[in-house]
Amino acid sequence: MSPSRLLLTLLFAARAAQEDAPQQDHGRCPSGGPAGVACGDDEASLLALKYGSASAAQRMGNLAEKMRPQAPDPGILDDVTTVDDSSELPRASALESDEFLDAAAEGPVQTERRGFATPAATFKRRRGFTLAGKSIYFLMTDRFARSGRGPMGAKNHTYCDLDSNGVDGWCGGTFQGIIRKLPYIKGMGFDCIWISPPIDAVDYTGYYAKNFFKINRHWGSARDLQRLSWSLRRLGMCLVVDVVTNHVRSLVGSDGKALVTGNAVPVVPFSRAYEYHQLNKTPGTTFEQYVIQGPPYASSGTGNTQHLQAGVEAGIYHCGPDYPEISYCSCFPGNLGVECPGASETLQWDGWFGSLGDLNQSVPSVRRGLINFVTVLRDTFGADAIRLDTAVYQSREWLSELQKEVGIEILGEATVVNITYAGTYQYQRSNGRQVLKGLLNFPPFYWLPRAFCSYYLLAPFAQYSTYQGTWSSTPPNLTQVAAVINSQQTGGKYSNLDLLGNFADNHDEFARLGWYCKEDSQRIKNILALLFFMRGVPIVYYGTEQGLLGHQLTKEESKDYTIPTGQFKLRESLWQTYYRTSTWQYEFIAQLNRVRKAYDFGVGEMNVLSMKENTMVFTRAPVGKGAGATAWAFINNFDNSTKKAVKYCPGPRPEKGYSWYDALSGKKATLGFGCYWAADSLPKLLVRERRS
């Protein structure tokens, strides 16, 4: 869980117990909508974003053949967009009722604590499947696509960005809506989609569970989720499902009273008090009293940032991109050295996020229940991989067991700035323990906005009220992010660099890419190119391809301090864009996916050759049959006003019988004196081709 998300979670956790009927008034324009834009169903009034235009790059000779988009067979697309017949699904007796998961959870679980009755498997695991080499499109189910008829049906394109404060906030997105827009996602070349948690929860995000073994009916039925998985497989795509095994819903109501009755907790199947952490509980105190008094905060385990700041100012400690142990100057989970006194993994793992019930994975029934839950997602709903929320707030010993038991790859959310510590959540060299197969790559992500666009996504020394969400007057500096990436590539800290998920924004971290780069297309293209060309799994957050900016508060809204900012403003609907495929962002992302696949460097070595204030040079070694020469990537942080040529050093050396071309523009490269002269400030990928 990110620092921004943690702060906001603490604000709304007390309201998370409310379960009012979902709001249905989606027809009005939100007060935070774009200024001067009428509220209506016509495309001109609803599309209040600035769009550029870009034609697809023209390739020459055999480059043209390599770059040609690989569109799926039209017949398959037709099947996917119209699939609504249960005959399209694998036959399984467990699917006779949409309540089959409820039966699995509420039957044996309540009478014996040995585990669940698991529904029969309906999806076979894909032999040899891996996320390595693939790209992922991350979407919030409730905000991506509507379906059906009626006020919240597919024909209603009205913008929706309801705040939940931990309760409700439904905008009407569904699994069927996703199915019908799979061709839109496939058109950008993505291999997988990552969906938010699909289970029954208190609000539209799915992260605050009420029932782990019930599909959230706001998004559809169990059958609908299976149809989504089946449709993805027919398109040659894969499904990543978001999972939370750290915590559940709030256990405190809006009236300040505990939702616990005796030792009974209103969560299925983890309904007993002993299944939750009770760190520092006073003897004789009931669980209800413990919840009301407030368990220790997990955030208390990160240590004293003020001590770190004083030590840095005195020249005793060091932090920043050049220091892998503290690559950002704040105490985060895993900064366990003398620089951050008070840091504690016990607090980190056993503490709570406000009043969100913190599951105790050392209890056998919790371990078995969570493993069985993820197994159901794998076998019954065809999950090919898992994104694991708040991974670093859970013990490596437990996560190792979870990974081993479920088998499919897990990408853990590792919100840390200690690169060495992050690596231990993949593999612990001290005891030879394999933990999670993959991680979301937060250390470079935390620096991307500053390095390219001078934006404070975080705040040095935790001075969030001063810095976060602002732009620095200091010019951007690429060495910040390049140093972190280089440390990851050369330090031997990770067991599998190809399973690091790279991203530029997400649903939690305070600003969308288009917002923090002020819609500067040149900088945005360079950031996206870095994500796709560096080692790891590129992940793009829905709406990036449409230039969504997030919901920024109007002057009137900003006067109301009860309105949440940050993460709640990153989850607006997509349907108001009409899913246009002509935006420059859509076309550029599609091009990046094509290039990455055409030159076979989705996995394999990365070597950072140069990192300067404005430029970065690295190489990727292609793998696989018929792998060609090493590809050279050239990234810069110049803005749209920069029209001059850019000199990159080093560059590839000319070779007899070959020429070097930019795979993105098709233009022949100008090389000399060990350098490359690019004609403009757009990102470049040089590939070697035999002269015709």
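Leaving aside its neighbours within four places in sequence, with which residues is Leu 131 in contact? In this predicted model, the partners of Leu 131 are Ile 136, Cys 192, Cys 238, Val 240, Ala 385, Glu 409, Leu 411, Leu 499 and Val 537.

Leu 131 belongs to the largest nonpolar core, which comprises 172 residues. Together with Ile 193, Phe 212 and Phe 533, Leu 131 touches the most other members of that core. Helix H22, spanning residues 521-533, supplies the largest share of the core, namely 8 residues. Apart from this core lies another one, of 11 residues, which includes Val 646, Tyr 648, Tyr 676 and Ala 678. In soluble globular proteins, nonpolar side chains tend to be buried together.

Asn 246 is situated in the loop that lies between strand E5 (238-243) and strand E6 (247-250). Asn 246 counts as buried because its relative accessible area is 1%, under the 20% limit. Beyond four places in sequence, Asn 246 touches Phe 353, Gly 357, Asp 358, Leu 359, Gln 361, Thr 390, Tyr 393 and Gln 394. The side chain of Asn 246 also forms a polar contact of 3.0 Å with the side chain of His 247.

The average pLDDT of the protein is 84, and 79% of the residues score at least 70. Over residues 10-118, however, pLDDT stays under 50, and the model has 225 contacts beyond four places in sequence for these residues.

Notes:
Residues numbered from 1 in each chain as written. Predicted model: local features only at pLDDT ≥ 70, side-chain atom pairs only at ≥ 80, totals over all residues. Heavy atoms only, no water. pLDDT = per-residue confidence, 0-100. Contact = heavy atoms within 4.5 Å. Core = buried A, V, L, I, M, F, W, Y, C linked by side-chain atoms within 4.5 Å. Buried < 20%, exposed > 50% of the residue type's maximum accessible area, 1.4 Å probe, protein only. Helix = DSSP H or I, 4+ residues; strand = E, 2+ residues; numbered from the N terminus. Polar contact = N/O pair within 3.5 Å; in protein donor to acceptor, adjacent residues only side chain to side chain.
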